[in-house]
Amino acid sequence: MAFPCYDEPLLKAGFTLWITHIAEYNAVSNMPVEEVVPSEEHEGYVTTKFGPTPKMSSYLLAFGVSDFVALEDGNQQLYARPNAMDEAEFGLEAGVKILDALSEYTYVNYYDYMPKLSQMAIPDRGGGAMENWGLVKYAETGLLFDPARNTYRTRKGIAVVVAHELAHQWFGDLVGPQWWSYIWLNEGFANLYGYIGADLAYPSERYWDLYAVENVQNAFGPDATDSTRPMTQDATTPSAISGLFDSIAYDKCE
């Protein structure tokens, strides 16, 4: 955790972030950069100042300081290692197409609430992704695609993961539950709209045809066990809350 806060989804605030870092690096966050000025206290450092965020849950605040470079298309950027930029094109393309498709499908334009969307491919993240509002972070394997060596399966996985995280820009970021017990409202809808968004953006790939096999049927096994749980389950400790991020939350509620 970067600062003391109440990590509860119902409690929302606006954040204005300044980051002081070495001048050779760049800083990114949820909002666009407003100003970069030399540090008055540290030689060779600069302070990057970002615009204020909308009111949002504290867990959605994000930032990154690195030597990454950006590939840009309009109001979207994809940040990655300089020597990985030849694998960034599809991730950026997917982000642009899927965000536009979901804005049209939901009748809620993303850019009515946020001025930009950045995606970042992180080498040592391990796996998965995080839907920070305006700055989505991925493991490199979830965002970078090399058409010379990667397969259809990899391309499909990236498209669906990108769509899942961008669906969270509505389900979880713009609106969300009062407490973690209802986390299925975030993850279930993001899983569903992950396939809807990917299918809308790439209709010839027929991603929606995979939805029942990869998600609906995936919930049957865990839900048939004696240890299954209700979708809405009370949780008051960090370990209990973490345990709610399971197949019931992601797959069953769809």
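Analyst: In this predicted model, a residue counts as buried when its relative accessible area is under 20%. By that criterion, buried residues make up 47% of the 254 residues in the chain.

User: What makes the radius of gyration of the chain agree with that of a compact globule?

Analyst: For 254 residues, the rule for a compact globule gives a value near 18 Å, and the chain has 19 Å, so the two agree. Along the principal axes, the C-alpha atoms fill a box of roughly 60 × 45 × 35 Å. The chain holds six helices and 12 strands. Of the contacts between residues at least 6 apart in sequence, 62% join residues at least 24 apart.

User: What makes Arg149 and Glu87 a salt bridge?

Analyst: The closest N and O atoms of Arg149 and Glu87 are 3.6 Å apart, and the cut-off is 4 Å; the pair therefore qualifies as a salt bridge. Arg149 belongs to the loop between β12 (135-139) and α2 (152-167), and Glu87 to the loop between β9 (76-80) and α1 (89-106), so the pair ties together parts that are 62 residues apart in sequence. Glu87 and Arg149 are also linked with Asp146 in a network of salt bridges. The search of the whole structure finds nine salt bridges.

User: Why is Glu87 called buried, and why does Arg149 count as exposed?

Analyst: Glu87 has a relative accessible area of 16%, and the limit for a buried residue is under 20%; Glu87 is therefore buried. Arg149 has a relative accessibility of 57%, and exposed means over 50%; Arg149 therefore counts as exposed.

User: How do you know that Glu205 forms a salt bridge with Arg155?

Analyst: The closest N and O atoms of Glu205 and Arg155 are 3.9 Å apart, which is within the 4 Å limit. Glu205 lies in the loop between α3 (184-201) and α4 (211-223), whereas Arg155 lies in helix α2, so this pair ties together parts that are 50 residues apart in sequence. Glu205, at 23% relative accessibility, counts as partly exposed, and so does Arg155, at 21%.

User: What makes Asp246 and Arg229 a salt bridge, and why is Arg229 called buried?

Analyst: The side chains of Asp246 and Arg229 meet at 2.8 Å, N to O, which is within the 4 Å limit. This pair links distant parts of the chain, 17 residues apart: Asp246 is in the loop between α5 (238-242) and α6 (247-252), and Arg229 is in the loop between α4 and α5. Arg229 has a relative accessible area of 11%, which is under 20%, so Arg229 is buried. Asp246, at 23%, is partly exposed.

User: Why is Tyr6 called exposed?

Analyst: Tyr6 has a relative accessible area of 64%. Exposed means over 50%, so Tyr6 is exposed. Tyr6 lies in the segment before β1 (12-13). With Leu10 and Leu11, Tyr6 makes a nonpolar surface patch of about 340 Å². The chain exposes about 12,800 Å², with 53% of that area supplied by carbon and sulfur atoms.

Note on methods: Residues numbered from 1 in each chain as written. Predicted model: local features only at pLDDT ≥ 70, side-chain atom pairs only at ≥ 80, totals over all residues. Heavy atoms only, no water. Patch = residues over 30% accessible without salt bridge, like charges linked within 9 Å, V, L, I, M, F, W, Y side chains within 5 Å. Areas by Shrake-Rupley, 256 points an atom, 1.4 Å probe, with all protein chains shown as cover. Helix = DSSP H or I, 4+ residues; strand = E, 2+ residues; numbered from the N terminus. Buried < 20%, exposed > 50% of the residue type's maximum accessible area, 1.4 Å probe, protein only. Rg over C-alpha atoms; globule rule 2.2 N^0.38 Å. Contact = heavy atoms within 4.5 Å.
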